[in-house]
Amino acid sequence: MSQINDWIACRIKLDQRDKYLREGKDFINDGEMLDTLKRNVHPDAQAVRDIIQKSLAIETLTPDETAMLLNVADPELVSEMEAAALAVKKKVYDNRIVTFAPLYMSTKCVNNCLYCGFRRDNEAATRGVLSMEEIRKECEILAGKIGHKRLIAVCGEHPESDAEYIAQALQNIYSVKMKTRHGYGQIRRVNVNAAPLPIEDLKMLHDIGIGTYQVFQETYHHETYRKVHPVGTLKSDYPWRLYCMHRALEAGVDDVGIGALFGLYDWKFEVMGLLYHAMELERVFGIGPHTISFPRIEPAENTPFTSSTKYKIGDDDFRKAVVVLRLSVPYTGMILTARENSRIRRELIPLGITQTDASSKIGLGAYSDDRPEQQGKRQQFILGDTRSLDEVIGELARMGYITSFCTAGYRCGRTGKCIMDLLRSGKEGNFCKLNAVITFREWLDDFASESTKALGEEVIAREISEVREKMPQIFDSFMKYYQRTIGGERDLYF
Ligand code: SAM
Ligand code: SF4
């Protein structure tokens with residue numbers, strides 16, 4: 001125990017935290033945010049329409065503008081906002097959607113977050129940390145049988161799953177290569193959702209090839225933050241967490257993912273918090289968040305807080321939160337997870353979602369063992385959508401989406417400011433479209449069921465004729481890559 005306490009005692013580097021504060025304060029001013037929401041409680045219809053135009057020009061909105069959108073109640077204006085969200089998504093990301101799988105690596109945690117099944121005091125939780133061999137086994141299934149190319153590696157905060165462990169895990173995951181029907185499967189991008197780390201640890205992960213580094217603030221409301229993260233725990237330090245994306249960007253990790261756990265405090269306030277966070281990163285580094293996540297609180301084993309919180313957000317408000325986020329930070333990737341059920345996912349994806357997980361299992365070692373699907377004791381929470389990747393991709397294809405397995409971005413320097421500029425200008429779409437088709441071809445040939453393949457072929461045919469029409473100068477070299485992929489070559493990208 002004393003070893004764990006010694007580890008905890010040296011985690012937070014005060015100098016790395018305090019240097020960002022201004023007069024001892026962080027950039028989230030709760031009073032100002034609440035005032036902004038109040039001041040814009042009755043938005044004028046014309047003002048709302050002007051704001052929509054600004055989003056359509058892919059410009060980040062101001063707090064007043066976001067507050068106005070959050071307060072729109074007129075159903076006609078709400079549908080105009082939804083149509084604009086769809087148009088922004090199309091303009092920046094076209095009809096592409098990226099899929100990934102979560103890989104839970106450790107359920108040990110020194111924190112005691114009231115809402116989480118992994119919290120230290122939860123005696124009902126089964127604890128463990130995957131060994132490198134166990135991580136390998138999980139990846140053999142994910143990359144060799146299901147066909148994932150991207151993972152989000154998740155762990156609690158604990159000395160047994162520290163940055164060295166994560167670094168070793170990343171190297172291990174990238175080294176797994178599995179033979180498939182026509183080629184081979186490999187995980188090509190590992191994003192990480194872990195504790196806020198100091199700069200030195202982030203540099204190490206950057207050198208190994210981390211994808212996006214995600215840390216959710218959970219709630220931006222200071223008082224609520226204090227209530228749900230008990231005093232004395234590492235996580236109770238609000239600014240250490242708030243500024244971890246600053247540290248990541250300083251360490252060279254360009255793709256950072258922010259998020260809030262909806263259900264801890266008022267949802268409108270959290271949307272404002274996410275906007276302020278994006279604005280602050282843009283102001284200091286010229287780079288906004290690569291992704292925004294907005295998980296809703298889900299039931300967890302022996303975790304009464306999840307049902308007693310009075311801030312649960314209903315489906316209609318959640319829909320509005322997604323639309324307003326899409327319009328407020330138009331260039332950012334938006335992640336909707338399998339916490340949500342299939343109906344909600346079907347409804348919300350067209351409103352601006354760019355990434356989603358599928359075939360997800362969140363029990364430790366659950367991809368490679370035969371134990372029942374959902375086991376409360378070894379999971380952080382209960383999933384709402386347990387459909388297979390094949391089913392989800394089939395449905396997305398029916399809805400007109402192409403699933404992109406492209407992971408070229410961080411491997412050829414299209415990260416951070418470079419990708420933001422490309423996204424804003426609409427040019428990123430060119431690379432992405434080509435890479436989406438090539439990687440979707442790989443997946444269809446290697447993993448798809450007959451019925452999903454048939455749906456996918458229709459999507460691919462449409463995409464190829466769009467490339468011919470819109471990018472004639474590159475069409476021939478694109479088709480060469482495409483044919484080489486059909487021939488069994490893998491991981492070709494522009
Ligand atoms: N331990 C790290 C941390 O807290 O940042 C990272 C992993 S934690 C397992 C990932 C995220 O799960 C948390 O940031 C939180 O937003 C979310 N989460 C925790 N409890 C949840 C619940 N009951 N329902 C839905 N999401 C939850
Ligand atoms: Fe630990 Fe993260 Fe769960 Fe908090 S949310 S108890 S830090 S795993």
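With a relative accessibility of 2%, Leu 61 counts as buried (buried is under 20% relative accessible area, exposed over 50%, partly exposed in between, with a 1.4 Å probe and protein chains only). Keep in mind that this is a predicted model, where local features need pLDDT of at least 70, side-chain atom pairs count only at pLDDT 80 or more, and totals for chains, interfaces and linings use all residues. Residues are numbered from 1 along each chain as its sequence is written, chains are lettered from A and ligands numbered from 1 in written order, and side-chain values use heavy atoms, leaving out hydrogens and water.

Back to Leu 61: it sits in the loop between helix H4 (45-56) and helix H5 (63-70). Helices here are DSSP runs (H or I, at least four residues), numbered from the N terminus. The C-alpha atoms of Leu 61 and Ser 328 are 4.9 Å apart, although 267 residues separate the two along the chain. Setting aside neighbours within four places in sequence, the contacts of Leu 61 (heavy atoms within 4.5 Å) include Ile 51, Leu 69, Leu 275, Met 279 and Ser 328.

Now for two helix pairs. Axes are lines fitted to C-alpha atoms over the stretch in contact, and angles run from 0 to 180 degrees between N-to-C directions.

| Helix pair | Axes come within | Crossing angle |
|---|---|---|
| H3 (residues 30-39) and H13 (residues 267-285) | 10 Å | roughly 115 degrees |
| H17 (residues 389-398) and H21 (residues 450-470) | 9 Å | roughly 35 degrees |

The crossing of H3 and H13 is right-handed. Among the residues making that contact are Met 33 and Leu 37 of H3, plus Phe 269 and Tyr 276 of H13. By class, the contact has 6 nonpolar, 2 polar and 3 charged residues.

H17 and H21 cross in a left-handed way. Their contact includes Ile 393 and Ala 397 of H17, along with Leu 455 and Val 459 of H21.

What about the largest nonpolar core? This core (buried Ala, Val, Leu, Ile, Met, Phe, Trp, Tyr and Cys residues joined through side-chain atoms within 4.5 Å) has 150 residues, and Tyr 213 and Phe 294 have the most contacts inside it. H13 provides the largest share, 9 residues. Domain 1 (2-26 + 86-425) and domain 2 (428-486) both contribute residues, so the core lies between them; the domain bounds come from an automatic or database assignment. Beyond its neighbours within four places in sequence, Tyr 213 touches residues including Val 192, Leu 202, Met 245 and Val 256.

Technical notes: Helix = DSSP H or I, 4+ residues; strand = E, 2+ residues; numbered from the N terminus. Left-handed = near helix turned anticlockwise from the far one by under 90°. Nonpolar A, V, L, I, M, F, W, Y, C, P; charged D, E, K, R; others polar.
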